[in-house]
Amino acid sequence: MAADWEEIRRLAADFQRAQFADTVQRLSERNCIEIITKLVQDKKLDVVHTLDGKEYITPAQISREIRDELYVHGGRINIVDLQQIINVDWVHVENRASDIAKSDKGVQLVLGQLIDDAYLDRLAEEVNDKLQEAGLISIAELCKSYDLPGDFLTEELLKRLGKLIQGEMDQYNRGVIFTRAFVARHKAKIRGLFSAITRPTPVSSMITAFGFQEHLLYTVLEELVNSGRLKGSVVGGRQDKAVYIPDIYARTQNAWVDSFLQQNGYLEFDALLRLGIPDPSSYIKKRFRSSKLLFLRAACVGQALVDQVEASVEEAVNSATWTDLQSLLPSCLSVEDTGMLIGQALRNANVQSQARLLGGTVVVSEKFISGCQSLFDEAMQQKAQKEVKNSPVFLITEEDLKQASALTESSAPSKKEKREAERRKKATEGSGSVKTGGGGNAREIRIRKTKKKGRRDEDSDEETGPSQQNRSKQAEAPFMAKEEIAAVIEERVTDCPEEILSELAEQLVRPLTKAYQEVLRTVFMSSSSSCSGANKKKSMKDLQEEISNLYNNIRLFEKGTKLFSDETQVQITKHVLKTVCTDVTNILVNFLAADRMMSVDNPSTITSEVRVKILGKLSEETKGPLMKLHNCLNGKTIEDFLSNLETCAEVCGFMLKKGDKKKERQAQFLHRQALTEQLKEVEDPALVLHLTSVLLFQTSTHCMLHAPGRCVPQVIGTLTGRIPTEQQQLLSAYQGLVVKQLVSQSRKQEEAMDQDDEEVRDVRSQLRALTPQVKELVLSQRKTSVNED
């Protein structure tokens, strides 16, 4: 015993010496880390350090810990939870979990979760308990309950059907599992319900009312119908519109359909739908396979009805009349179905090109339409004659110009030869004389009358003239409007149905317009072939004289405008350009248009649009100068117009000479004489004031004036100091009364007053009293002769 204690004391002394002795070989923690890191880099050691960096763990240990945690958690664990438990990087946990799933067939990695077969077996047992309790279970509900994908769950449950799960999966719907007892109960309910049905019933309504499982219902129903247990049929397949029709109803239904088709010759799809037939077209094709039926959009018709329509169409075509098929056709047919039926009848009779369908149900023979078209031949000829005479510029085409020029080439001299002949003739005759009362002055008086009659026209020198545009549009209009054609047909054709008059007229508009153009071209060509350049209404000499008179008048009018202020000069210049200058331009354009058979009887009717159209058909050497002259009409100076007028006159073969003093005095005398004669006749105070002021201006300044009505106050203002004070006062008083009268008339129109007030009557009486005195200011002057001037 003593020896044992001695041994213990010796060991204790050795242990104490070992504790107090210095360590010869000792590694620090840092050295240990560096050594392990070096070994890992040299791939001599495979370890993973934890997230806190205090421990190293081998991959085998990670795998052992993963398996342990999977077992602890009942066979299902998320990788994210594993990473937090093992305390290593998520990548290492995922790699080891994937290796485990690959190496062990009993473990699967699904959506980041490790699941083993033991868990799936327990899940199948739970599903079986629910299934036996409910009789039916949905995979979708299980997916929500267990948070697993549907495909994976379906596959695993299929493996365990008949083993752990006592049930069946629907072959048409793999998302439902049911028990045999559930199927037997449903089959009994379906058999009883559908055996009691006596009328067509939508299958969807049975599903809603009794809560049947849809796919199971269709499967059981087809089985019962095919085995003959249920006397009926399912129409519509496995769809929402599927209908179960019992045989007793189908027999009654077929009898009604057969009877209706035999009696009426057609079947309406809506009627079959009301009978409970969901797909009428398929039903009819199946029911009447051997019958020849014409299927339309909303109905089908029998061959007997088609033959009746075909016979009526043939009769109308052969007799060159029309037929209304409304009485033959069923009232239920839509417009589209009616058109399809009549179109088929036309094709069967092979008369598509010999008849037209109007008004939806009226078939009209082409011969009947041609007869209606012939009713307009006489009116077409008369209108063509009138159009060729009034507006040939709108009717001519390039082809017609070529044909007309070919007709006159052999007989008519060229334009250049005619100009040379006229120049030689003028050279032998001299400069010519100015006729008394030349056309230019007469035109001046006419224009002035027009301007004074409507003072609204004076208010805008830039007016474009909508009535002129309307005339040009009317010239390009068709032969007749649709309403006019319908009225003629209604009057001339006694048996034409009123319901197709408008459509028949619309059908005739295009052919009548085309025929009218042909008649128009024929009339034009015949008139152009009988005319030549030598048959113009005015000879070159008359045109030469008229253009020269207008040219000199414009120069004299320009001289008169110089006595006014700049603003007034602009207004008077625009007025001269819009009137006298436009007239001389129209004369030149009409002269050139005559060479191409486009001239009009009265050049003053040529509008701006007509001028542009005529100029567009001229040659380049004449179109250029004339287009510049046309553009000058919208300018602001008369000098530019006169310069271009001289150029254009030379192009047209006319010689313009500036008048000498004697001719100028003679032109002023004629102008004053014409205005004086007009003043004697007029009684309108505004026109009397206008003419008097212009005549006094010419007498006092020896300058002709062509001014608009708006410039009368400025004209009277220039007379101050040029005429006696008494005459000036009389004119001013008369002007004030005229202004009052115009203002009262305007107010009367705006307020729609029927009677004049006392002030208006007083103004009118004063004007009547002063009008003779104002006229006398001019008429009392001594009229000098041309020789005295």
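Student: In the protein chain, what share of the contacts with a separation of 6 or more comes from residues 24 or more positions apart?
Tutor: Such residues account for 65% of those contacts. Bear in mind that this is a predicted model.

Student: How many helices and strands are there in the protein chain?
Tutor: There are 34 helices and 17 strands.

Student: And what percentage of the residues count as buried?
Tutor: Of the 789 residues, 42% count as buried.

Student: Which residues have the most contacts inside the largest nonpolar core?
Tutor: Those are L588, L626, F641 and F654, in a core of 73 residues.

Student: Which helix gives that core its largest share?
Tutor: Helix α26, residues 566-595, with 12 residues.

Student: What is F654 in contact with, leaving aside neighbours within four places in sequence?
Tutor: M540, L543, Q544, I547, L588, F591 and A649.

Student: Which residues does the second core include?
Tutor: V362, M380, M480 and L520 are among them; this separate core has 27 residues.

Student: Where is L39 placed?
Tutor: In helix α2, which covers residues 29-41.

Student: Why does L39 count as partly exposed?
Tutor: Because its relative accessibility is 32%, and partly exposed lies between the 20% limit for buried and the 50% limit for exposed.

Terms used:
Residues numbered from 1 in each chain as written. Predicted model: local features only at pLDDT ≥ 70, side-chain atom pairs only at ≥ 80, totals over all residues. Heavy atoms only, no water. Helix = DSSP H or I, 4+ residues; strand = E, 2+ residues; numbered from the N terminus. Buried < 20%, exposed > 50% of the residue type's maximum accessible area, 1.4 Å probe, protein only. Contact = heavy atoms within 4.5 Å. Core = buried A, V, L, I, M, F, W, Y, C linked by side-chain atoms within 4.5 Å.
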